[in-house]
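Colleague: I have a new model open and would like to walk through it. Can we take it piece by piece?

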Amino acid sequence: MLVVPVRILETLVKILVVLALVVVLTFTVGQVADRYVLKTQFDAHDQIARIGMVWMAFLGFALGVRDRMNIRIEVIQHFLPEKARRVAGVFLDGVMLVVALALLANGWQLLEVGSFQAIMGTPFYYDVMYGALLAGLVLLVIFLLLRMADTLLGGRLGVDTVSDHADHH
């Protein structure tokens with residue numbers, strides 16, 4: 001029941017990350033072309049590229065956690081039985097969830113403050129930047145809640161990505 005909406009959300013976020021990358025590349029290359037070839041008066045290339053980079057980072061972080069690509073220390077986990085690994089995973093996801101919720105609760109103040117601060121040379125305000133943080137945190141909370149629920153229900157939801165505990169990068 002949840003598999004299709006979760007896959008749609010994940011695909012949408014991946015598309016947004018790719019679009020943010022396109023913005024970063026376009027305005028970074030555009031800055032060089034503008035400086036040496038076109039010589040226009042547009043001076044906000046780096047600001048717009050930075051906006052794209054911030055969105056790409058926060059949305060990409062949520063996707064990384066979704067795909068279990070977040071960095072974690074697994075010194076002891078390899079020696080634990082499967083059930084203990086599952087408990088440790090839920091505990092660490094819970095800790096990450098609490099931190100994300102705390103950041104999310106306090107992040108709205110940044111959005112309010114940023115809505116009054118213009119980004120020089122662009123029609124944007126800093127709420128665009130802080131909005132990336134909040135969007136990434138909302139996605140992170142959704143993905144963590146889905147992962148924890150799926151783990152606690154023994155995988156019956158089918159929304160968690162498969163993790164290979166024998167993968168030793």
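Modeller: Start with a term. A crossing is left-handed if the near helix is turned anticlockwise from the far one by less than a right angle, and right-handed if clockwise. Keep in mind that this model is predicted.

Colleague: Which hand does the crossing of helix 1 and helix 2 have?

Modeller: Apply that term to this pair. Helix 1 passes helix 2, and the crossing is left-handed.

Colleague: Are helix 1 and helix 2 roughly parallel or roughly antiparallel?

Modeller: Helix 1 covers residues 3-38, and its axis lies 8 Å from that of helix 2. The two pack at an angle of about 155 degrees. Angles over 145 degrees count as roughly antiparallel. Therefore helix 1 and helix 2 are roughly antiparallel.

Colleague: Which residue classes make up the contact of helix 1 with helix 2?

Modeller: Sort the contact by class. There are six charged residues and six polar ones. The rest of the contact is 16 nonpolar residues.

Colleague: What is the reach of helix 2 from its first C-alpha to its last?

Modeller: Helix 2 runs over residues 45-66, which is 22 residues. At 1.5 Å a residue, 32 Å is expected. The model comes close to that, with 31 Å.

Colleague: Is Lys39 buried or exposed?

Modeller: Lys39 sits in the loop between helix 1 and helix 2. Its phi is also positive, near 55 degrees. Over 50% relative accessible area counts as exposed. Lys39 has 58%, so it is exposed.

Colleague: How does Val95 count by relative accessibility?

Modeller: Val95 lies in helix 3, residues 82-114. Buried means under 20%, and exposed means over 50%. Val95 has 39%, so it counts as partly exposed.

Colleague: What separates the C-alpha atoms of Val95 and Val29?

Modeller: Along the chain, the two residues are 66 residues apart.

Colleague: Now the whole protein. What is its radius of gyration?

Modeller: The protein has four helices and zero strands. Its C-alpha trace spans about 65 × 35 × 35 Å along the principal axes. For 169 residues the globule rule gives 15 Å, and the protein is well over that, so it is more spread out than a compact globule. Its radius of gyration is 20 Å.

Conventions. Residues are numbered from 1 along each chain as its sequence is written. This is a predicted model: local features need pLDDT of at least 70, side-chain atom pairs count only at pLDDT 80 or more; totals for chains, interfaces and linings use all residues. Side-chain values use heavy atoms; hydrogens and water are left out. The expected span of a helix is 1.5 Å times one less than its number of residues. Axes are lines fitted to C-alpha atoms, for helices over the stretch in contact, and angles run from 0 to 180 degrees between N-to-C directions. Angles under 35 degrees count as roughly parallel, over 145 as roughly antiparallel, 65 to 115 as roughly perpendicular and the rest as oblique. Ala, Val, Leu, Ile, Met, Phe, Trp, Tyr, Cys and Pro count as nonpolar, Asp, Glu, Lys and Arg as charged, and the others, Gly among them, as polar. The radius of gyration is taken over C-alpha atoms; the globule rule is 2.2 Å times the number of residues to the power 0.38. Buried means under 20% relative accessible area, exposed over 50%, partly exposed in between (1.4 Å probe, protein chains only).
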